[in-house]
Amino acid sequence: LGVLWDISPERQIANTHTLYMFGSALVILPFTKSVARLIEKICPDRPIPEDNLPHLRYIDINVDVMPQSAIELSISETATLIKLTGRMFDKSLKPLLEYNPDNPETIRAIEKTITDLDIKENKLDYIEEQIRNYLFAVGRRKASNLITSQIFSMISILEQTERMGDVIHRGIKPLYNKLIAL
């Protein structure tokens with residue numbers, strides 16, 4: 001241990017910090033379950049009512065279909081997802097184009113749009129996850145190389161679509177804030 005302290009002051013500070021953090025972790029570790037239970041008691045998870053969950057239009061997870069049919073159903077569901085992303089984009093642009101700093105209604109319209117975009121983003125994430133899980137379930141069955149390739153292509157399209165939704169959702173808020181600050 002003496003070797004650790006026979007070095008530069010910067011290294012000594014780093015070593016002391018490391019030992020302190022390691023010691024703190026060892027002291028706190030036995031209490032993590034208790035703290036987790038306390039946090040769960042203070043902030044319990046609110047279950048999402050089944051009525052508020054978006055529903056897939058074409059895919060029924062409980063119905064077993066041939067892999068090629070599953071791919072076609074996924075394509076239809078993904079097209080719906082792409083339309084939702086397009087509507088998010090259109091909805092996000094409208095307040096920017098119609099903004100009038102003298103009209104307080106436009107500020108309320110922006111706030112409503114942000115709330116709507118939050119809801120649409122959650123819906124987009126949920127549907128994307130459902131389609132992805134469905135495609136993974138189809139891929140776990142014996143499938144040809146062509147079907148496997150199509151599944152990976154569909155997952156790639158889903159990821160890109162979801163990424164576009166994220167860009168719209170996260171990118172538009174700073175634009176609105178800058179617009180309002182002008």
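**View 1. The largest pocket of the predicted model has a volume of about 170 Å³.** In this model, which is predicted rather than determined by experiment, the largest pocket is lined by Lys91, Lys94, Pro95, Glu98, Glu105, Thr106, Ala109, Lys112, Thr113 and Asp116. Sorted by class, this lining holds six charged residues, together with two polar and two nonpolar ones.

**View 2. Helices H3 and H4 contribute to the lining of the largest pocket.** Helix H3, which covers residues 67-97, and helix H4, which covers residues 104-140, each supply at least two of the lining residues. The largest share, six residues, comes from H4.

**View 3. Helix H3 also packs against helix H5.** The two helices, of which H5 spans residues 145-181, meet at an angle of about 10°, and their axes lie 10 Å apart. Because angles under 35 degrees count as roughly parallel, H3 and H5 are therefore described as roughly parallel to each other. The residues of this contact divide into 20 nonpolar, nine polar and one charged.

**View 4. The protein chain as a whole is built from five helices and zero strands.** Read from the N terminus on, its elements follow the order α-α-α-α-α. The C-alpha trace of the chain spans about 70 × 65 × 40 Å along its principal axes, and the radius of gyration of the chain is 25 Å, whereas a compact globule of 182 residues would have one near 16 Å. Of the 182 residues in the chain, 27% are buried.

Note on methods:
Residues numbered from 1 in each chain as written. Predicted model: local features only at pLDDT ≥ 70, side-chain atom pairs only at ≥ 80, totals over all residues. Heavy atoms only, no water. 1 Å grid on protein atoms, 1.4 Å probe; cavity = no way out; pocket = protein on both sides within 12 Å on 5 of 7 lines; lining within 4 Å. Points joined across faces, edges and corners; volume = space filled by probe spheres on them. Helix = DSSP H or I, 4+ residues; strand = E, 2+ residues; numbered from the N terminus. Nonpolar A, V, L, I, M, F, W, Y, C, P; charged D, E, K, R; others polar. Axes fitted to C-alpha atoms, helices over the stretch in contact; angles between N-to-C directions. Parallel < 35°, antiparallel > 145°, perpendicular 65-115°, else oblique. Rg over C-alpha atoms; globule rule 2.2 N^0.38 Å. Buried < 20%, exposed > 50% of the residue type's maximum accessible area, 1.4 Å probe, protein only.
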